[in-house]
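My entries follow in the order I made them.

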Amino acid sequence: MSNHEFKIGVSNKDGQLGFISARGGLRKGAGRRNIGVTKKVSLTLTEEIWDKVEKQCQEQELSRSEVIRNIINSYYS
């Protein structure tokens, strides 16, 4: 095990508590870039279609969300 020190600090965003590493920490602009609005949906498809989606996920090494997002973006482009 490594000997890293952690502190608990308040983020600049929404006053949320977070862990701060001695090697960095919470800072403006850090983290994953926003690509849009997240909305939770439930999607009913046939088993055959789900199998095709899962196969595409494995072949392209993408998450299910990425594959479905690509399909929707392609449809609306």
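**Salt bridges and helices**

I began with Glu48 and Lys52, which sit four residues apart in helix 1 and are therefore separated by about one helical turn. Helices here are DSSP runs of H or I with at least four residues, numbered from the N terminus. The model is a predicted one: local features need pLDDT of at least 70, side-chain atom pairs count only at pLDDT 80 or more, and totals for chains, interfaces and linings use all residues. Residues are numbered from 1 along each chain as its sequence is written, and side-chain values use heavy atoms, with hydrogens and water left out.

I found a salt bridge between the side chains of Glu48 and Lys52, at 3.7 Å from N to O. The term requires a side-chain nitrogen of Lys or Arg within 4 Å of a carboxyl oxygen of Asp or Glu. Both Glu48 and Lys52 are exposed (buried is under 20% relative accessible area, exposed over 50%, partly exposed in between, with a 1.4 Å probe and protein chains only).

I counted three salt bridges in the structure. Lys55 and Glu59 form one of them, at 3.9 Å, and these two also lie four residues apart in helix 1. Glu59 is exposed at 57% relative accessibility.

I then looked up Arg64 and Glu54, whose side chains meet in a salt bridge at 2.7 Å, N to O. This pair links distant parts of the chain, with Arg64 in helix 2 and Glu54 in helix 1, ten residues apart. Arg64 is partly exposed at 44%, and Glu54 is partly exposed at 28%.

I checked the span of helix 1: residues 47–60 reach 20 Å from first to last C-alpha, close to the 20 Å expected (1.5 Å times one less than the number of residues). After helix 1 comes Glu61, with a positive phi near 50 degrees.

**Aromatic pair**

I found one aromatic pair. The ring centres of Tyr75 and Tyr76 are 4.9 Å apart and their planes stand at 85 degrees, so the pair is edge-to-face. Rings of Phe, Tyr and Trp (its six-membered ring) pair if their centres lie within 6.5 Å; planes under 30 degrees apart are stacked, over 60 edge-to-face, the rest tilted. Tyr75 is exposed at 65%, as is Tyr76 at 67%.

**Lining of the largest pocket**

I noted that helix 2 (residues 64–76) gives the largest share of this lining, six residues.
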